[in-house]
Structure formats: C-alpha cells, structure tokens
Amino acid sequence: MNYRTSDPESSKIAGQEAERSFAPTQRKGVLEFIKKHPNKTSAELGDMHEYYDRHTFARRLPELRSSGKAIVTGFSSYKKQQLWSAVE
C-alpha cells in the first residue's frame with residue numbers, strides 16, 4: 001500500500017493506480033541500481049540515474065525496505081540523509 005489511510009480518496013485511488021501500473025517496475029529498477037551503487041542517498045542516486053530522479057528513489061526505497069530488499073546503512077554527513085543499500 002503506497003498511501004496512508006488518512007489520505008483523501010483521490011490519493012488512495014492514485015496510489016492504487018500506481019501500484020497497478022508503474023510502481024512495481026520502478027521498484028525493480030531502483031533495486032537493481034542500488035545493488036550497483038550501494039551506500040548512496042536518494043538524491044545521489046537520482047543524480048546518477050538516467051531516468052529516475054531523487055523523488056522516485058525517495059518513494060521506492062522505503063517500500064523496498066518494508067519488503068526486506070533494502071536497508072539504511074548509515075547517514076550522510078550533509079543533512080543526515082539516509083544511505084541505502086540492497087539486502088544481499
């Protein structure tokens with residue numbers, strides 16, 4: 001579920017549509033990318049990726065963490081942003 005229960009109905013519908021269409025593909029792509037580029041922030045990953053921006057990484061990484069496929073490995077010295085890696 002990629003929406004909060006407190007979200008308005010329109011957000012719930014959008015979240016359900018995202019899950020039916022592009023979110024699974026994005027999660028797969030994000031996971032493959034962090035396997036190749038571990039210990040990076042969502043902003044760093046977004047800067048490095050050809051298609052996905054930092055917002056895509058920021059949305060999908062917590063979903064991957066919830067499914068046990070990604071972990072936070074630490075925090076950056078700048079603004080204490082989370083560093084992400086794939087679970088091996």
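Predicted model: local features only at pLDDT ≥ 70, side-chain atom pairs only at ≥ 80, totals over all residues.
Residues are numbered from 1 along each chain as its sequence is written, and side-chain values use heavy atoms, with hydrogens and water left out.

Of the 88 residues of the protein chain, 36% count as buried (under 20% relative accessible area, with exposed meaning over 50% and partly exposed in between, for a 1.4 Å probe and protein chains only). The chain contains four helices and two strands, where helices (H or I, at least four residues) and strands (E, at least two) are DSSP runs numbered from the N terminus. Along the sequence their order is α-α-α-α-β-β. Among contacts in the protein chain with a separation of 6 or more, 39% join residues 24 or more positions apart, a contact being heavy atoms within 4.5 Å.

The largest nonpolar core has 12 residues: Val30, Leu31, Phe33, Ile34, Leu45, Tyr52, Phe57, Leu61, Leu64, Ala70, Trp84 and Ala86. A core of this kind is a set of buried Ala, Val, Leu, Ile, Met, Phe, Trp, Tyr and Cys residues joined through side-chain atoms within 4.5 Å. Helix 2, helix 4 and strand 2 (82-86) each contribute at least two residues to this core, and the largest share, four residues, is that of helix 2.

The aromatic residues can be examined next. A pair of aromatic rings is described by the distance of the centres and the angle of the planes. Rings of Phe, Tyr and Trp (its six-membered ring) pair if their centres lie within 6.5 Å; planes under 30 degrees apart are stacked, those over 60 edge-to-face, and the rest tilted. The structure holds two such pairs. The ring centres of Phe33 and Phe57 are 5.8 Å apart and the planes stand at 50 degrees, so this pair is tilted. Because Phe33 belongs to helix 2 (residues 23-36) and Phe57 to helix 4 (residues 54-66), the pair ties together parts 24 residues apart in sequence. For Tyr52 and Phe57 the centres are 6.1 Å apart and the planes at 75 degrees, so this pair is edge-to-face. Tyr52 and Phe57 are both buried, and Phe33, Tyr52 and Phe57 form one aromatic cluster. Beyond its neighbours within four places in sequence, Tyr52 is in contact with Thr25, Gln26, Gly29, Val30, Gly46 and Phe57.

Helix 4 has 13 residues and reaches 19 Å from its first C-alpha to its last, close to the expected 18 Å, which is 1.5 Å times one less than the number of residues. The buried residues of helix 4 are Thr56, Phe57, Arg60, Leu61, Glu63 and Leu64, and their cover includes helix 2, helix 3, strand 1 (70-75) and strand 2. Just after helix 4, Gly68 adopts a positive phi of about 80 degrees.

A positive phi, of about 60 degrees, is also found at Asn39, although Asn39 is not a glycine. Asn39 is located in the loop between helix 2 and helix 3 (42-48), and its relative accessibility of 40% makes it partly exposed.
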